[in-house]
Amino acid sequence: MRLRGRKGIRENLEAQPELIVLDPREYKGRWKERFGNDRPIYVELGMGKGQFISGMSVRYPDVNFIGMDMYDELIRRAGEKGKKAWAEKTGQSMEDVLPPNLNLALGNIEFIEEFFAPGEIERIYLNFSDPWPKAKHGRRRLTHPRFLNKYKHLLNERGEIHFKTDSQTLFEFSLNAFAAVGLQMSDISLNLHREGINENHVMTEYESKFHAQGMNIYRCEVKIGQEALRKYEEHKMDMF
């Protein structure tokens, strides 16, 4: 991906230390300390321009959200979206508002175990990740087993992965990868918005675009932590 950033973008990011983390290694094991509370931490890996993570932070103020991407320009854009979302909610100006439960981190997901301690995360969102369509690039997919094993290590007892994509090929690959690693899948959907926009889901930029084009959105949840699995089993018994 090539992004044309604004002049002085790094200075712009450095001027927002309360919102933007330029070296997430500094907070490994200390993210709750940074947020100043003991609330669960949900992380979106590859957040793009930040529409999803900003919307989630407003909708769920009792959760701490971290959006991560490796491009300065996307961090900048996500910062603007986060401030805009909270300005609309609170009536403050974008210059004065500071999202209380949102951080944006600049980092390469390849090194995610350097950014978070074991059990520090409660939920991971993978939204419209690069499908890397060539078979030889399969190891780069964020649902490849080598990444899944890292996520398992970082998620706590309530840990889950929520996955969405427009790529049928990536979805099929991912379901097989989840199964290969022994993970429990649930809420599998081959067309999330079949009956119109599902209001229970905050949409990403790509999701809005693809839905408008009539494309299917594939989604599933993966239960990893023991408590998440226990609740899933209880819910499953109620379903049948």
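**Annotated positions and their surroundings**

The unreviewed UniProt entry lists Lys134, Asp166, Thr204, Glu205, Tyr206 and Glu207 under "binding site", with positions given in the numbering used here, feature names shortened, and annotations that may be inferred rather than shown by experiment. These residues are spread over 74 residues of sequence and also in space, with up to 24.6 Å between C-alpha atoms. The model is predicted, so that local features need pLDDT of at least 70 and side-chain atom pairs count only at pLDDT 80 or more, while totals for chains, interfaces and linings use all residues. Residues are numbered from 1 along each chain as its sequence is written, and side-chain values use heavy atoms, with hydrogens and water left out.

Among the listed positions, aspartate 166 lies in the loop between β6 (155-165) and α6 (168-180); helices (H or I, at least four residues) and strands (E, at least two) are DSSP runs, numbered from the N terminus. Aspartate 166 counts as partly exposed because its relative accessibility is 25%, where buried means under 20% relative accessible area, exposed over 50%, and partly exposed in between (1.4 Å probe, protein chains only). Not counting residues up to four places away in sequence, aspartate 166 touches Phe128, Phe210, Met215, Asn216 and Tyr218, contact meaning heavy atoms within 4.5 Å.

Glutamate 205, also listed in the entry, lies in helix α7 (residues 205-212), and beyond residues up to four places away in sequence it touches Lys49, Gly50, Gln51 and Lys81.

Serine 129 is placed in the loop between β5 (121-127) and α5 (145-154), and it counts as buried because its relative accessibility is 10%.
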